[in-house]
Amino acid sequence: MAVPARTCGASRPGPARTAFPWHGRGPRPGPGAGRPVARPPRPLSLLLPPLLLLPLLAAPGASAYSFPQQHTMQHWARRLEQEIDGVMRIFGGVQQLREVYKDNRNLFEVQENEPQKLVEKVAGDIESLLDRKVQALKRLADAAENFQKAHRWQDNIKEEDIIYYDAKADAELDDPESEDVEKGSKASILRLDFIEDSNFKNKVNYSYTAVQIPTDIYKGSTVILNELNWTEALENVFIENRRQDPTLLWQVFGSATGVTRYYPATPWRAPKKIDLYDVRRRPWYIQGASSPKDMVIIVDVSGSVSGLTLKLMKTSVCEMLDTLSDDDYVNVASFNEKAQPVSCFTHLVQANVRNKKVFKEAVQGMVAKGTTGYKAGFEYAFDQLQNSNITRANCNKMIMMFTDGGEDRVQDVFEKYNWPNRTVRVFTFSVGQHNYDVTPLQWMACANKGYYFEIPSIGAIRINTQEYLDVLGRPMVLAGKEAKQVQWTNVYEDALGLGLVVTGTLPVFNLTQDGPGEKKNQLILGVMGIDVALNDIKRLTPNYTLGANGYVFAIDLNGYVLLHPNLKPQTTNFREPVTLDFLDAELEDENKEEIRRSMIDGNKGHKQIRTLVKSLDERYIDEVMRNYTWVPIRSTNYSLGLVLPPYSTFYLQANLSDQILQVKYFEFLLPSSFESEGHVFIAPREYCKDLNASDNNTEFLKNFIELMEKVTPDSKQCNNFLLHNLILDTGITQQLVERVWRDQDLNTYSLLAVFAATDGGITRVFPNKAAEDWTENPEPFNASFYRRSLDNHGYVFKPPHQDALLRPLELENDTVGILVSTAVELSLGGRTLRPAVVGVKLDLEAWAEKFKVLASNRTHQDQPQKCGPSSHCEMDCDVNNEDLLCVLIDDGGFLVLSNQNHQWDQVGRFFSEVDANLMLALYNNSFYTRKESYDYQAACAPQPPGNLGAAPRGIFVPTIADFLNLAWWTSAAAWSLFQQLLYGLIYHSWFQAEPAEAEGNPEVRESSCVMKQTQYYFGSVNASYNAIIDCGNCSRLFHAQRLTNTNLLFVVAEKPLCSQCEAGRLLQKETHSDGPEQCELVQRPRYRRGPHICFDYNATEDTSDCGRGASFPPSLGVLVSLQLLLLLGLPPRPQPQVHAHASRRL
């Protein structure tokens, strides 16, 4: 760029000529000066942002120079703008590419996205998909009820009478310590052969079902054997369902006894630790087995509850919380003489993952003291349930009381709050080993339609904290067909490897009668479920016609997303559903709250809004226009939305009927053409069914070419739309090479590469050798530069991520590039669209030098002018770079260019890490706005426990005298000790709330966590701005100005003279967080709706079965032998028993 010469103090000339080649000034200063240079100095010619300048003020310590005046800096800004625009006009080829599209107008059609029609069609397709699963579910549930009704209970059934495939058998046979290996399994276990099936991402056998039985349930019990006997008949129904609908995935029957029978058969994914999977604790089973719940848990913390009993209670409460889903509401309180909440929650709150975490942490802080006051506890609980001023489930209401025992029946409380209607069920839990009379506890439960349980030891916790669901299921069973409604669950991770799924659930009822003329049986047999993979639903949505920034999403009644491009959990917890709220998947604002509410209410709607979006690399924020359109998905609780930018209303559809032209364009995909035409990356899309995918783009291109030699773009096995558009864009971008790039000398303007990327999936990089350093995603729709260029007018600068930068000592031998890109906007017959993005890659070093020249008081032909003692000059960014800091910062606050050579290695860093004082001043003066949000899907390294190797305090440890006392051996304490030791192998640590990684991949080294994200974006200031950073003797002048038609801010500032001017540093780096304060969030809960119907009452319910104690006491012989194993240091194998209702005879 030629800048007219001027002497110190001369008047400033008019606009300069743009894009003039720069002839180097000899060896480049800065890092590497004085050392051999690996390449000759390259020409420099630079593009950059407008500048905000300051009044003429003397710079401290520089008597011959003054800080540049505002009009001087504005002149520098114009030179930068002109240089950028000139280079982009010559090399970007925006106008030339427009001409190429117009010249090839006969090769494509312009199609329109009609939002309302699109969203209704997709919603209808999803409804049809789910309806096919619903029909299969109903066939299964009806068959199960009939099979069980026809089944004859067998008291004398033996293991050898039952033949089935035990899904865990292979793992147990491989384990020399397995229970079945040690004692030999009596059951006739099938051994099956399996074939790999890509639909299931697993090896399966389509001829059989598989059975999974929880580790803590004895397979040989009469209840389990009868269950296995009658459910065997389901196998044929599973097979017939698949014959009618080959797209069916897992079909599962989860029994109320804990047995899971699923089809097709596949080996269980057994973890290395003890398998704690129990179908009754899975999200889909819990949602299908009962109506929503309002639950208050009250815990006795009187002085008698101490040591082991208190630890059992804490663990029991945590396990109870795990039986609740997001449709439920809960609060937890402790009581002695008074009752108080254990956490900051003063009322019922949604039982979501984060609220349950608060409860679990708070419960661990409970301390035993005082005397027992049941009245205080129950009055608190009833008051909670009667509070109608809060959001709650408004269905099943219940109180769960954990205590070690007491004599007070608090009948007056029940008379006041619950009788005669008994709308609140009371469940009582006697915890620990004691000799108290449990009759009052049994009476409380029986008098209030609840149930009484005993938890003498840790081994009884899991069973007895989940069987209350059987009681809640009674009104559903008695309601009959009215309650046989399919529910669709939240998103969760499939335990058998399908990935993210939703499950359709249908309860299965016991239709038998207890005897002639007796009342109808009111037990729920279990829940039938059929999985639908989210990927199968995504396939029904438009793939590439919506453009890079258009997408489809769906939410449920809780506002959680079922589909969304930002639904990408980094880790999965099998114990919890994946619950990402729509307002957390996007940046929340009032418009989106309104849209979310309308969708939850099942309405249709359309709204155009201006909103903030986060860039794909999560470094930038853009303010954009978006059109939201939504409709309900009928027969489900889901609602579907479509988001389109205005420029994606239209899209191109190639029409390459000329096969000669197809072949011609296809040849430009061949690597043999890359040297002359530039390197081509193709988006790794599903062009054809037989195309082998590969993460290596060179390998993928090779696979693609090999397939294209066998099939044509019009083949039925291929996606014709994708293939035609890909081949068309190959030809379009090649013509850009021919018309613009091939005849230009990139080195003259210090460009490392030029490039073009298209909606059709082509990224062409020129010259070919530049592809070696190309690190952008080959899928344009997943490339941050591509998506941001579409959303922003003008030139978008993207400095390299700091992690990718080389250190200064290596810059002489390696090049670091800065991407500059812009969208190509077409207007065809009044229809506007943006089908491509073009750009250049700048050589960082060369442009940093050019930046100094453009922001100086001379032309590139001048030698530096020095001001003598008697003359006066303004400082500039070249001559005075020891006193003056000049930088270009992008709209995210990241350093793009600097006149300080030592800062070259910091290009791409957040500017606060380079100059915290100046960045804070820019923020305080509204050049930048800050946006904070939370990522609830992050993965973090697990925190090591603080007490490794230490046994929990308060555990009962026998003395030598105990061992010598035969009475001790037969006491409940010995049995409790054994169970503690046994379950200590299962739990991560004894009596803690969270079990070990039993239901997942034990190899996972990371756990789910919350990360706080902070991004910065341009504020409201657009004009030049002068300011002083006031730090006393360390004050600094600075000027800032936006560069027109770019995403750059030009900043000129005095370099700090002392360190006393340091201020607070703005942070941009993602940080670990606990998320927003939950105690404050629950005071303003987000809008949601529960299921449309509720089954919590039936006048014919029989409540006489309302309590039991511990069952199946061990024999003395078994106990002694197991205790001897403990004394000898041998790990005992568990001999768990099924705790089942006596009435559960199937």
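**Strands, contacts and rings**

Modeller: Opposite T629 one finds L642, which belongs to β26. The model is predicted, and local features need pLDDT of at least 70, side-chain atom pairs count only at pLDDT 80 or more, while totals for chains, interfaces and linings use all residues. Residues are numbered from 1 along each chain as its sequence is written, and side-chain values use heavy atoms, leaving out hydrogens and water.

Colleague: How many bridges join β25 to β26?

Modeller: Strands of a sheet pair through backbone hydrogen bonds, either parallel or antiparallel. Here β25 (residues 621-632) and β26 (residues 639-644) run antiparallel and are joined by six bridges. Two strands pair if DSSP finds at least two bridges between them; helices (H or I, at least four residues) and strands (E, at least two) are DSSP runs, numbered from the N terminus.

Colleague: In what order do the strands of the open sheet stand?

Modeller: The order of the five strands is β23-β22-β26-β25-β24, with antiparallel pairing. β23 (561-563) and β24 (605-614) each have a single partner strand, so at these edges one side of each strand has no neighbour in the sheet. On average, neighbouring strands of this sheet are turned by 35 degrees against each other, direction ignored.

Colleague: Which helix lies across β22, β24, β25 and β26?

Modeller: That is α19 (residues 590-600), which runs at about 135 degrees to β24. Axes are lines fitted to C-alpha atoms, for helices over the stretch in contact (heavy atoms within 4.5 Å), and angles run from 0 to 180 degrees between N-to-C directions.

Colleague: Is S334 buried or exposed?

Modeller: Buried means under 20% relative accessible area, exposed over 50%, partly exposed in between (1.4 Å probe, protein chains only). S334, in strand β12 (residues 329-335), has a relative accessible area of 8% and is therefore buried. Leaving aside neighbours within four places in sequence, its contacts include V299, A339 and M366. T371, in the loop between α10 (353-363) and α11 (374-386), is partly exposed, because its relative accessible area is 48%. With the neighbours within four places left aside, T371 is in contact with S302, N336 and E337.

Colleague: How many aromatic pairs does the count come to?

Modeller: The count is 45. Rings of Phe, Tyr and Trp (its six-membered ring) pair if their centres lie within 6.5 Å; planes under 30 degrees apart count as stacked, over 60 as edge-to-face and the rest as tilted. The ring centres of Y451 and F453 are 4.9 Å apart and their planes stand at 40 degrees, so this pair is tilted. Both Y451 and F453 are buried.
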